[in-house]
Amino acid sequence: MTNQEPPKPKYLKDYQKPLFGIENVHLTFDLDDTNTRVTTHMKLYREPEHSTEPLLLNGERMKLISIRLNEKDLNESDYIVDEKTLTIKEVPQRCELTIVNEINPQANTFLDGLYKSKDIFCTQNEPQGFRKIAYFLDRPDVMTSYTTKIIADKNKYPTLLSNGNKINSGDLPDNKHFVEWEDPFKKPSYLFALVAGNLECLEDSFMRRSGKPVQLQIFCEKKYKDKCHHAMESLKKSMKWDEDVFDLEYDLDIFMIVAVDAFNAGAMENKGLNIFNTSCILADQESATDDNFVRVEKVIAHEYFHNWTGDRVTLRDWFQLTLKEGLTVFRDQEFTSDMSSRPVHRIETVNILRGYQFPEDAGPTAHPIRPSSYIEMNNFYTTTVYDKGSEVIRMIYTLLGKEAFFEGMKKYFELYDGNAITCDDFIHAMEISSKRDFTQFKRWYEQKGTPHLKIQTEYDSSSQTFKLHVEQSNPHEGKETPPLHFPLKLGLLNSDGKDFETPNLIEVKEKQETFTFDNISEKPILSINREFSAPVIIDTPHTPEEYSFLMAYDSDDFNRWEASQELGTSLLLDLLEDYRHKKELKLNTNYSEAFRLLLSNPKLDLGLKTLALILPTENTLGQKQKTIDFDGNHYVRNWLRKELGIAHKDLFLELYHSLEDKDTYSISSEAMSKRRLKNCCLAYLVHIQEKEYIELAYNQFTQANNMTDEFSALTLLNQINCPQREEALDRFYQKWNKDLLVMVKWLSIQALCPLPGALNQVEKLVKHSAFDYKIPNLARALIGSFLENHIHFHALDGSGYRFFQEQISTLDKINPQITARLSTAFRKFPKLDIKRHELMKETLETLINKKDLSRNTYEIVSKSLNAQP
């Protein structure tokens, strides 16, 4: 790449309105594996202020056949075509334009545009895939109505689908047939979808509150049909919830979903025709874990909710991606909270944010939720845009309150339905509805990095006042930044563990602020950022005793869990210091007792108990360190887990057996919580590494009647050097090798194995028949999971880095999107010790000098290489 001119960024500040609009478009696809012919007939018009400019259309990886403008065939002197664009020199004010081109779906391993997933034709056009299908104004602010005619072999592809309503179908010569679809809603090209295949259909219906039925269809390969029932029920729940909570009713008479194996993302919200990764649709008792069931329901909800927040109201440009994704993630989080345990789901959500988004915000690829520039837009489908974006919406909800927020949402749809808009427009709707000024709050859209809060407190017993001093900073910006505006939920606890009657919400706006609370009769213990009301890192002056108190008495479930994690993190870091100084490690008796009380508490919600029992992760410890100690973090966490297991093995064993469920399998929230806690207990027991508990895990593995218990036991056996490990892995493979999604699990746990020889095993699995670089789920499972195996990926001899370098060289030619996303593993580069830093630098420099490195991967690698410690 360095021997070529580096790719140039695109900037938000350079946005210009489109010169042309499209009144309507008629598409005809004559499908063929290697030579699909696409005919695009458009009615175009110039925007009034542009009268002479040429027409520039996007188009890549295609062969131009012909161009016809207002009944005139154009010759080569009338246009200019290159690898990225088609420019037609002279175009009248209004015209009809017909372009014919050919594409090769079979060769499209990038999985954007039109491609083949095994024997199924399907599309993925967000963000810029449509330009790989046809020459077009491929930008989200050009919205038009689509009519699509699909022609294909009748035997190979009996199912032909596109957006909207089917208006015509029939037979053609040469054993072909056609189906024609019309979408009554204008949309941008990224929401266009096409599917063709020999597919089975699971059908159902939903009665809208207006009394109008909606036909529901899920299409998939025949072997998958029986695994789609949970997805169908999830869809109906989502539709009902959106009516009840957001007052939004579905707007077409049919809603279709198609499940395919080869898909870069989880799913895509194409209007009326969602296309899903099979991992987000298929679920049954035998082959799917509880987490899989939850994910299916969540992703179904997310894509359905996009119908209004993404399809009906869409984006002006791709810099505004968080407008639809942050808002829709907030909506799907609220849905999941209502379907399960709100505090448990909130903790899980924050764990994802802290585990992935906080490091992103602190690393070389940090960016605001609305980026100001990009080289490759596919690289900005990030946890910052999605998850931090959702937290920004949640803060608006908190600041306004439920009623005012929903009034703002009504105003949003009233103002912008059918339009392509910006994040500023969303804020504008909230402002005029609530009559509040969000000028300062909008800095959240512009600043990267996670804000840090330093908390100090003062208590005056004579005046019975408590003062809270808050100082905010943003160390990740690398420069002085103006203060942000955000809410902080809080409570003040008395010595009995009860909340004082004080305001439970403050609004922070200044770099340094003091908040005073009156009528506080004794020195309180502060419970701050309840429910994680703001996505910030807080330095509080709490002692271990105060954290123990909050863990026992805080009325906020999130902060009770938070106190347990703070205690655990502090203890692990203390153990790490002793380990580094070669001191004997000793189990802290106070922590062990608090852990015992938690474990034996019969009144605590099972889901919350499980989360509190899980020790802080190695990632959490790494975030606290200027230089990450991968080996030390791994050692002390394993040591503490084993010691806690030994100290409380009787309690763990008793609780494990009490949670064994002999009843009919259920995916209710209660049943899932029982299985999760049971397997948490088993994990502590297995890591004692005594024969009795290893046999207990093996028996669960062999006798389980559901994948959650079977796979949980296998995962634990995989982490222990015991005879049952290889036997269980082989038995699992023999049982499930025909099921791709279960093979994803099998590959993943081996890549995550902490035992010596993990890299050698991964190198063997890359050549295994169960692995295929062309299936993103498999690439993520094997290569992506290995990158999360910190002690082996960051091995001191550099072998993990060299392995990944080789994988990038192979995978980048096949699928640059997946390669770039995996390459974010380099974001720890600034926090490596000297030796690892030099080894990763060597890897990054080798990659950056590759002549054929994709734009996608170049952007991630170059940012990582240029990052400062």
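Predicted model: local features only at pLDDT ≥ 70, side-chain atom pairs only at ≥ 80, totals over all residues.
Local features were considered at pLDDT of at least 70 and side-chain atom pairs at pLDDT 80 or more, while totals for chains, interfaces and linings use all residues. Residues are numbered from 1 along each chain as its sequence is written, and side-chain values rest on heavy atoms, with hydrogens and water left out.

Helix 5 (residues 383–400) packs against helix 6 (residues 402–416) at an angle of about 120°, with 6 Å between their axes; helices here are DSSP runs of H or I with at least four residues, strands are E runs of at least two, and both are numbered from the N terminus. Axes are lines fitted to C-alpha atoms, for helices over the stretch in contact, and angles run from 0 to 180 degrees between N-to-C directions. The two helices are therefore oblique to each other, a class that remains once angles under 35 degrees (roughly parallel), over 145 (roughly antiparallel) and 65 to 115 (roughly perpendicular) are set aside. Ile393, Ile396, Tyr397 and Leu400 of helix 5 make the contact with Lys402, Ala404, Phe405 and Phe406 of helix 6, where contact means heavy atoms within 4.5 Å.

Helix 26 (residues 855–865) is largely enclosed by the rest of the structure, because nine of its 11 residues are buried, that is, under 20% relative accessible area with a 1.4 Å probe and protein chains only, whereas exposed means over 50% and partly exposed lies in between. Among the buried residues of helix 26 are Tyr858, Glu859, Ile860 and Val861, and the elements that cover its buried residues include strand 23 (373–374), helix 23 (799–814), helix 24 (816–822) and helix 25. Helix 25 (residues 834–848) contains Thr843, which is buried, with a relative accessible area of 3%. When residues up to four places away in sequence are not counted, Thr843 touches Tyr801, Arg802, Gln805 and Phe826.

Strand 25 (residues 452–460) pairs with strand 31 in the parallel sense over three bridges, and the bridge partner of His452 in strand 31 is Ile537.

How values were computed: Pairing = 2+ DSSP bridges.
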